[in-house]
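Please have the sequence and the model open as you read.

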Amino acid sequence: MTILEDLAAKSQLHWSDYIVLIAYFVIVIGVGIWSSCLNRGSVGGYFLAGRNMNWVLVGASLFASNIGSGHFIGLAGSGAASGVAISIFELSAIFILLLLGWVFVPVYITSGVYTMPEYLKKRFGGERIRVYLAVLAVILYVFTKVSADLFAGAVFIEQSLGWNIWGAIIALLILAMVFTIGGGLSAVIWTDFVQVFIMIIGAFVLMVISFTRIGGYAGLEEKFLGPEAWPNFTRQYVDMVEAGQNVSDHMETYAKCGMTNQNAFHLMRRADDSSLPWPGIMFGLTISSVWYWCSDQVIVQRALAAKNLVHAKAGTVLAGSLKLLPMFIMVFPGMISRLLYPELVACADPDSCKEICGNPAGCTNIAYPLLVVKLMPNGARGLMLAVMMSALMSSLTSIFNSSSTIFTMDIWRRLRKNSSDMELMIVGRVFVLAIVAVSIAWIPIIQNISELFHYIQGITSFLAPPVCAVYVLGILWKRINEQGAFWGLMVGLVVGMIRFIWEFSYGPAPPCGEEDTRHPLIANVHYLHFGILLFGIVVIVTIVISFLTKPIDNKHLIRLTFPSRFEEGERIDIGETESTDSKPKVGVNEEGSVIPLTEINNKEEADVQEADLEGQEDVTARNASFPWYKKAIYWICGVENMTSSSHDSDKPVEEADMSIDEDPRWSRWTNFSAVVVMIAAAFVWGFYA
């Protein structure tokens with residue numbers, strides 16, 4: 001048993017902690033059940049929440065979808081290891097979120113799509129890009145996002161409370177799966193809204209307690225760079241060197257690893273910094289962030305669920321405002337944890353680290369759980385467990401819903417072109433079960449990954465830049481065509497996979513103090529720098545091939561790019577015929593007389609309404625004849641009022657849902673708020689630069 005496990009075993013929950021936990025589950029489950037009854041009986045309702053969410057819900061869900069338990073563990077751990085620099089990931093996201101609201105979302109709305117691969121299908125035509133990105137997205141969700149949050153949740157639950165890891169994680173997965181299956185995006189967004197408040201309140205309480213223990217921010221700034229943040233192993237080494245005594249080779253190798261970086265309170269590091277070099281932060285991180293915030297299904301799906309463009313923009317402003325918080329409620333507490341418990345968090349000797357947390361490479365990941373165990377009073381410890389559950393569940397439910405959306409709308413409908421809405425709804429839910437099964441099977445593997453944060457960021461830098469390049473070029477420039485986009489993606493995939501396989505063939509990066517025997521191209525080329533190079537290669541390949549091949553006719557690009565978002569006229573999707581436009585807008589009755597098309601449309605609408613009434617009566621009669629268990633299954637899947645022949649998913653998005661008209665008054669307020677948020681982010685960035 002490690003030291004931390006022994007500490008967790010002695011930290012039994014108080015009865016007040018259980019009350020807080022029960023209250024949390026009652027509130028979240030209640031909200032999930034209530035919201036699951038909204039917008040659940042249609043494809044648009046299940047996958048886009050009926051496109052009826054206000055800006056507060058959209059912004060809260062954007063924040064909650066991003067902030068998983070991995071942020072609490074990873075940001076606090078990185079803060080304990082190297083200072084505030086890791087906060088740059090959160091600050092840069094503020095500007096990219098606003099880019100989402102002002103540049104990307106207007107195009108997605110006017111294109112009238114459910115998923116990001118579906119947008120690429122409309123933009124470029126063909127199926128190969130859409131299917132490739134759909135499969136890639138699902139793989140990334142399962143093996144990076146889900147695994148990262150499960151690992152972080154496991155670290156917290158196992159090491160801070162001593163709970164059985166399998167029982168806790170499986171229970172969380174099942175609960176998240178129930179919300180996603182039962183209510184779709186509506187339930188996910190509403191539970192995210194509740195859980196954001198729980199996360200912020202709990203983390204804020206711990207932040208205040210932590211700062212109180214060290215004398216406020218001044219105490220943190222004064223002590224973190226000094227010996228107070230070093231373990232005894234490092235202090236002993238310094239004392240022996242200053243006294244002129246001989247030190248062992250073992251101490252000489254590892255003792256300096258316990259010292260804090262002298263640039264711990266600076267966001268911008270040297271270009272050759274092994275952790276976060278400034279060129280990689282300024283350019284490489286921007287590329288990865290644009291992929292994540294502007295083209296990833298989990299994020300964009302929330303923005304598309306907004307009532308209109310103003311609500312989508314305001315939601316991104318709210319999410320950007322909330323992204324100012326992690327530096328204060330996660331990174332600083334991680335640094336404080338190192339000050340309070342340097343022997344545990346800042347261990348430098350591999351043998352000591354293994355004895356403390358079971359990981360000889362270091363124990364900074366325990367910084368946040370340790371604060372919870374040591375500082376939080378009765379009741380508040382249960383609150384923090386609820387916070388971690390909120391973070392984990394909000395992230396998982398978002399990933400589950402978005403994965404099922406992509407699989408159903410972009411993959412399953414390609415396999416079964418005539419699938420009904422009922423079939424799509426059931427397939428979407430069943431696919432969530434498959435994701436859960438794979439995630440549970442992946443848990444033993446992710447437990448053996450010591451550098452999970454850099455592992456996730458590395459994979460992102462290997463695979464995301466080509467996707468980012470294609471989206472950026474496709475949205476901003478009409479001249480980019482399908483051939484250029486596809487071969488740009490393929491070249492990017494090959495180059496990225498070569499680096500990925502080559503790097504991980506060496507195994508984990510050597511811990512501090514040990515010699516790096518990897519090839520110089522791996523050891524010295526940071527993954528963020530590689531992301532810049534890969535992005536440039538894909539941009540060049542895409543542009544060159546696009547210019548060497550036939551351009552896409554403008555009639556296929558109406559309202560599919562940022563410059564053409566306001567263009568009027570009917571768009572003809574690539575591959576569709578124009579026969580409907582060439583036909584005269586008249587009809588012929590039974591006597592052979594010409595009649596206006598409006599009369600035909602009115603008659604068709606009346607026939608549809610009559611058919612809907614008859615279909616509803618048939619559904620009611622059908623449901624009455626079913627046994628109770630089949631009724632329950634239909635209700636869980638949200639198809640109790642649907643017919644097996646309905647095809648609402650094939651209908652185009654309503655014209656009102658594709659409008660990007662804005663109320664001038666609210667548009668001005670949204671623009672003003674965005675400027676204020678950017679100024680605040682720039683101030684924090686400049687203050688800690």
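## About the model

This is a predicted model, in which local features need pLDDT of at least 70, side-chain atom pairs count only at pLDDT 80 or more, and totals for chains, interfaces and linings use all residues. Residues are numbered from 1 along each chain as its sequence is written, and side-chain values use heavy atoms, with hydrogens and water left out.

Searching the whole structure turns up nine salt bridges (a side-chain nitrogen of Lys or Arg within 4 Å of a carboxyl oxygen of Asp or Glu). One of them joins Arg 381 to Asp 17, with 3.8 Å between the closest N and O atoms. This pair links distant parts of the chain, 364 residues apart: Arg 381 is in helix 20 (residues 380-415) and Asp 17 in helix 2 (residues 15-36). Helices here are DSSP runs (H or I, at least four residues), numbered from the N terminus. Both partners, Arg 381 and Asp 17, are buried, where buried means under 20% relative accessible area, exposed over 50% and partly exposed in between, with a 1.4 Å probe and protein chains only.

Lys 323 and Glu 90 also form a salt bridge, at 2.3 Å from N to O. Lys 323 sits in the loop between helix 15 (309-322) and helix 16 (326-340), and Glu 90 in helix 6 (residues 88-111), so the pair ties together parts 233 residues apart in sequence. Lys 323 and Glu 90 are buried too.

Next come Arg 128 and Glu 482, whose side chains meet at 2.6 Å, N to O. Here the link runs between helix 8 (residues 128-161), which holds Arg 128, and helix 23 (residues 482-504), which holds Glu 482, 354 residues apart. Arg 128 counts as partly exposed because its relative accessibility is 35%, whereas Glu 482 is buried at 11%. Finally, a network of salt bridges links Lys 122, Arg 571 and Asp 573.

## Helix 25

Helix 25 (residues 527-548) has 22 residues and reaches 32 Å from first to last C-alpha, close to the expected 32 Å (1.5 Å times one less than its number of residues). Its buried residues include Tyr 527, Phe 530, Leu 534 and Val 538.

## One cavity

How many cavities of 30 Å³ or more does the structure hold? The search finds one. On a 1 Å grid over the protein atoms alone, a cavity is a set of points where a 1.4 Å probe fits but cannot get out, and lining residues have an atom within 4 Å of a point. The largest cavity has a volume of about 140 Å³, the space filled by probe spheres set on the points, which are joined across faces, edges and corners.

Its lining has 15 residues, with Leu 133, Ala 137, Trp 291, Ser 295 and Val 467 nearest the centre. Helix 8 gives the most to this lining, five residues.

Conventions. Helices (H or I, at least four residues) and strands (E, at least two) are DSSP runs, numbered from the N terminus. On a 1 Å grid over the protein atoms alone, a cavity is a set of points where a 1.4 Å probe fits but cannot get out, and a pocket is an open set with protein on both sides within 12 Å along at least five of seven lines; lining residues have an atom within 4 Å of a point.
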